[in-house]
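Welcome, and thanks for taking a look at this one with me. Here are a few points to read alongside the view.

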Amino acid sequence: MSDRRRPSIYNIAAHGGFADALAQGLIDRFAKDAFGLARGLVILPNNRAQRALQEAFVRLSENGLLLPQMAVIGDLDLDESIGVALDSGELALDIPPAVDPMDRLLTLAQLIQKEIRLRDDAILAKDALRLAREFARTMDQLNVEEITLADLKKTEPESLDLSSHWQDSYRFFLIIAEKWQQQLEQWQRVDQAVRRNALFDHIATCWKVSPPDHFVVAAGITTSAPAIARFLKTIAFMPLGLVVLPDLDLIMPDHEWDLLGPFQPDPQTGFADRAQETHPQYHIKLLLDRMSIARGEVMRWPRTGESGAAAKRSRALSHAFAIPKLTVRWQTLESSERSLAGVQTVEASSSAEEAQIIALLARQALEDPNQRVAIVTPDRSLATRVSAHLKRWDIQVDDTAGQPLAKLPEGVFFLNLLAAVASDFPPAEFLALLKHPLVQIGEERLIWLDHVRKLDLLLRGPRPAPGLAGIDALLKAENYRTKKLRDAVAPWWQSVRRMFAPIEKLLIGPLDWAHLLDQLRQLAETLTGGAIWAGPAGRELADLLAKLQVRTEMGPIRFGADELAGYFEALMTEISVRPPYGGHPRIALYGLLEARLQQSELVICCGLNEGSWPQAITPDPWLAPMIRKSLGLPAQERQIGLSAHDLVGAMGAKRVILSRARRDDSGPAIASRFLLRLKGMCGDNLKEHPEARSWLSLIDQRQVEPVAYPRPAPTPSAEQRNIPISVTQVDRLIADPYAFYANKIMGFVSLDRIDADPSAAWRGTIIHDILEQWAKQDNYAQGALRERALVFLNDPGLHPLMRSLWAPRLLEGLDWIAATVAENQKGGRQPLASEIYGKAEVAGVELSGIADRIDRMPDGRLAIVDYKTGGAPSNRAVIEGYNLQLGLLAAIAEIGGFKDIEGETAAFEYWSLAKKGGTDSFGHVRSPSQGRGDNVITADAMVDHAVARFNEAADDYLKGSEPMIAKLHPEYARYADYDQLMRLEEWYGRAPAEAPDHE
């Protein structure tokens, strides 16, 4: 130890431009000869700071420099190890190696699962991982603060008046901690934080005894851990040692400095005042206290960088972040004391708009070749948006904080794969996997996608039976409507099925974790042709699987297939994929940790909302706040102070823009407390950027006022109108001519949703098929109808849930039909035909239709029957001419349009399988010719009424030139298939507008 009493400790203020100021100061002091710098060692907080200092040396060197050796102390939050210069050679020989992070995470998760099982309880594998990660974080904090397990055991939760929940959590933590220590002893390993502490103490001890004969500079380090404090103290008192702090507030009066804490307990009461841990200077004060160095001993660094702001901004920021009870002085501050010249604000209406504005601001700044731009935000979603907008101008800016692997294409593909195979290949998840951009990359992809789209059409509607067998059954189903699609897909499907069959078989019964990981890797390789492993994200995914495969004994216990996707998502979300260098040289996109010690001429701090900057406080699930306080652990709120310090550091640039959005993706947002402090102190002196919002109109906003969209009313040509029409389409033509136009003339057909609930149309198609087979093959035998229904319900292609929900209603309704037909036959009424097609020319138009059933009444006349799975149309709809199906079918029959059927129609009936009002039984007959009062149309008038109404419609729309107006009679236009096409929400219910002619 040197005999010098004054430590060599310096400070570079926020406005000083840390990297440039440090580099210039080291050049002035040590670069007296060509090897002066090269003989020294500079210790920095992390790799990003090391790169910033290297770039600063390059900028400041005129004829080239031999740079000093650089080492980093590492950052647990950035998952960086201690630099090789500090963790090598004789210094590290006697210190046990650190446990591998993956070994620790998986083993802790196993210990938690086993302990919970001993309590006759269960926990999902993904939740065990989450608790293991939180346990590891709490253990790191204990180790960093040098709190041993013995110290933890001395805590008496009962004396702290904790709830039973916190007491149980504390005891559970002790159990897992003890087992973890036993495991470490067995491995002869230590936690990484323990190794770091031992390493720093070892180095400090060696340097006290024998100081290096070259200069050693510790710069930019603000970690307040006791071991780091002792290490920095040793350097500060060495003959050739220097400590350089970033952003220490030397302006704050001493009495205010003392109010930050920490405070000693009162000797009488035992209570201590609460420290101001949310203050941006608290952690630096704690570091100086642990180094036994007073703030007055810290000297100003002799050089400043050229990219920093004026010194008066640091004074204003010191006032702005004063502790709450001192903010009253804002009212008496001079204008110069609260000046934030060079700082502007931007307030966007939404996160999307904020990202656009930030991209425009960065684009403008880059026009100046001497400008460097730093975009700083803790919001990774916002960072992704900004990066995407900058690509408009071919500006590649990479998010140095990285993106979670689970959010990148490779991660999304793997999670889709897990969701598909682990859930018995549900249609939505399976199709998402097959359509993923990484699947079948190359010349064969177009052919692959063509088959996938055909499979997509087959899988639309209700979900088939689970597994690959369900899709097999769907392809073998006897359905003439899909025969062409099935024949086209079947050969391709067999090759796809062979890819997935091994892993489907593996997921039946208890899981073999090692074999499962191997099969997942092989399947991903097969589907993507190896493309899944390319690029930074692919390499991270491959590395994750490799780590798991060599640690199969550490895998989850009692693991179900349905937990696969959640387990891997929990692992992949915590893996940040940082892009390789190679983006635009003058722009960078940082997270808060990465932005520390960086410098640029323009800094844009965005996402300044509560929950983002500062981020929401995540409570410790293991140790109660009172236990943490009694142990001396940092309060969770200290993260707010660190976020404030990050903002102060970023605001040291010449030009600063602070931005926020009034709404984020989850709803209205609250402005950051930091931004509110700045506005509260500065008032109108804090100016908004004058042009940023107006720039949006130059790229995305309309230059003219939007024009109201009129009600669509296309007028197709006479040739287009000259088409045949079915009786079921007549009602649509009358109630909603536009829908008829879109469907029949334009040929637009709506598709069922994937994995949709059984629709009325789907149920109707199934019931009609069953009734048709019963009539044509079983000749209306009463018991045969139920048997045919059971054959359908037992079809392996039908999903079990649908079978259980629909079977009782279906069987009861069909039993009613069979019984009613049998009873009618006894009375002399005989069925003539079922599902019979007929056509005739009416009003000069070919009119066709399929009659569900036509009966011969005892008097020789006909009865037209229409089956309904739901309720029958109202009599009012028939009378007003918006449900003409029965009357028009009767007209075709009377003209002779149905083969071998002639005669006058006497009965018009809807046979509904729904419950009749006031009863619990399914099935009833309803006829528009039966009822009371004016709400009835006689059987003799039904045909004439229907034909007359059809003649009017045909004359107007099929033979005439009337525009086909959208939702002409909305009360009877029940279907919404074409609402989006007609842009219904833009005009419906508003003031009428003149309908345009659309040719």
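How many cavities of 30 Å³ or more are there by this rule? The points below begin with that count.

1. The model is predicted: local features need pLDDT of at least 70, side-chain atom pairs count only at pLDDT 80 or more, and totals for chains, interfaces and linings use all residues. Residues are numbered from 1 along each chain as its sequence is written, and side-chain values use heavy atoms, with hydrogens and water left out.

2. The count comes to four cavities of 30 Å³ or more. A cavity here is a set of points, on a 1 Å grid over the protein atoms alone, where a 1.4 Å probe fits but cannot get out.

3. The largest cavity holds about 50 Å³ of space. Its lining (residues with an atom within 4 Å of a point) consists of Arg763, Ile767, Trp806, Arg809, Leu810, Thr869 and Leu913.

4. Now look at leucine 111, in helix 3 (residues 101-118). Leucine 111 has a relative accessible area of 15%, so it is buried (under 20%, with a 1.4 Å probe and protein chains only). Leaving aside residues up to four places away in sequence, leucine 111 touches Ile176, Lys179 and Trp180; contact means heavy atoms within 4.5 Å.

5. Leucine 111 and alanine 132 are 21 residues apart along the chain, and their C-alpha atoms are separated by 8.8 Å.

Definitions and conventions: Helix = DSSP H or I, 4+ residues; strand = E, 2+ residues; numbered from the N terminus. Buried < 20%, exposed > 50% of the residue type's maximum accessible area, 1.4 Å probe, protein only. 1 Å grid on protein atoms, 1.4 Å probe; cavity = no way out; pocket = protein on both sides within 12 Å on 5 of 7 lines; lining within 4 Å. Points joined across faces, edges and corners; volume = space filled by probe spheres on them.
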